[in-house]
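Here are a few friendly notes to read alongside the model. Keep the 3D view open and follow the points in order.

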Amino acid sequence: MKRILTGLVLVVFLVAALAGGAAARDKDTLIVAQETEPVGLDTTRNNLHECLNVSHNIQDRLFEPQEDASVTPALAEKWEWTDETSLKIWLRKGATFHNGEPVNAAAVKFSYDRLLDPNLKSPHRGRMVAFTGLEVIDDYTLVLKTAQPFAPALHLLSYYLPIVPPKYVKEVGDEMYNRKPVGAGPYKVVSWEKGKDIVLEFYEGWYGPKPAYKHVIFRAIPEEAARVASVLTGESDVVEGLSLRSQMTVAKSDKASTTAGMGVMPYLGLNTYQKPFSDERVRQALNYGINRPLINKTIFEGQGILAAGPISPRSFGADLSLKPYPYDPEKAKKLLAEAGYPDGFEVRLSYPTNMQQIQEQTQVIAGDLAKIGIKVQLQPLDPPVMWQKYKNREHQMYIYWWDDNPESDRYMFSLLHSKSRDYYYKNEETDRLLDAARSTLDRDKRAKLYNEVDRKLYKECPWVFLYIVPKVYGVNNKVDYQGRRDGFLFMRFAKPKS
């Protein structure tokens, strides 16, 4: 019944929207529709995808990330490892922030120190713990130091060290900067009031090639049917957050098309610090007790890839010999009984309301777990609330997701190393392996270390390993835009379709 009602709502939206047609608007303006409004626009302060989609267009970084985890020049014009632990960087001369402040080595040093300041509580701080210091050589030269070789250094810096203007940040403070950031990227903020559009404008002083669109508007449209209608009528140019049914609607239309890049890797996190999930057998039981092949077939039309462990099979270092846990409810019951829970237990499953098909997934998961004696209370939460509770270690069982980035360190270290988040899992041997993997420059040796991590966590099950599904965008036929492997919306690459 729910699917029928959802389809009827979508039809009503589409009929009304197509009948009305798209309102005329400036051809130099690109409109992007997201599922939810950002909570802030400072990359240093935020980790929600909707925030980074906007902030990456405003704030620039030292390096430009590439699809294969390599980097190209951005604010850094050139660089070299002078030894295994010293990265020397020469900055691009003449680059400025949107307020006219120069982008120089002092600004990079300020940005680096700010990110690592524990008082700021940056969610990206853990990614930078391998760096031991930054030395300014002159106005445009600096050296980043690490205690030991750090293989993913350039890749992580290309996303998570935004360069910010020291004078402006000091004047307005961190809270105001999160609302009205000034960056060195291709677009500057024109306006943003809570609950309204975020309007960006091309910064004429940007060093790079001028993008096709002078203005980019990020708009929050929470209702999926309304987002679909907006891209089909041309009210929006690029929309995210499309369920499989909406993807099919868009793909079959003559008004828009779909594009995919990043794979979204949902996982069912477990609080291993508390009972019942402190017992490995219970965690394994959940992996046997959820019918993931059926979820993939019924919700994702078989387009998903079943995950065998924490490392996506599309990422560097995954042990491809691992097989996904099979659906085996009898084995799950046996493991629960061995762990002292023959009659199961009650548990709360928290999830953010902005994830594609999340409601359907959680309902199926709860139904499967009920069959092995686990009574699940579903707790849908607004994304900011979900995130705060996550950081406060308030979840028992939760669904979040990560992108299956080609560089495994980007999510493995962030989610599973105790020196990073340390929210729901800690293990000294896992820490040791992840440290070794990120400090080994030889690619083959790194792969073997990640293989070992994958096998170890496959047995320990800090998560229920679910699946990897494509993150798909809808693009109006008047626009040429291709989804990126990292899943972020760098809108300077969009252009009118010729």
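1. A helix crossing is called left-handed if the near helix is turned anticlockwise from the far one by less than a right angle, and right-handed if clockwise. The model is predicted: local features need pLDDT of at least 70, and side-chain atom pairs count only at pLDDT 80 or more, while totals for chains, interfaces and linings use all residues. Residues are numbered from 1 along each chain as its sequence is written, and side-chain values use heavy atoms, leaving out hydrogens and water.

2. Look at helix H14 (residues 428-438) and helix H15 (residues 443-460), whose axes come within 8 Å and cross at roughly 155 degrees. Axes are lines fitted to C-alpha atoms, for helices over the stretch in contact, with angles from 0 to 180 degrees between N-to-C directions. H14 is therefore roughly antiparallel to H15 (angles over 145 degrees count as such). The crossing of H14 and H15 is left-handed.

3. Next, an open sheet: four strands lie in the order S4-S5-S7-S6, with antiparallel pairing. Strands are DSSP runs of E, at least two residues, and helices runs of H or I, at least four, numbered from the N terminus; two strands pair if DSSP finds at least two bridges between them. At the edges are strand S4 (76-83) and strand S6 (131-138), each pairing on one side only.

4. Six bridges link S6 and strand S7 (residues 141-146) in the antiparallel sense. Phe 131 stands opposite Thr 146 in S7.

5. Finally, five bridges join the antiparallel strands S8 (residues 187-192) and S9 (residues 198-202). Tyr 187 stands opposite Phe 202 in S9.

Definitions and conventions. Angles under 35 degrees count as roughly parallel, over 145 as roughly antiparallel, 65 to 115 as roughly perpendicular and the rest as oblique.
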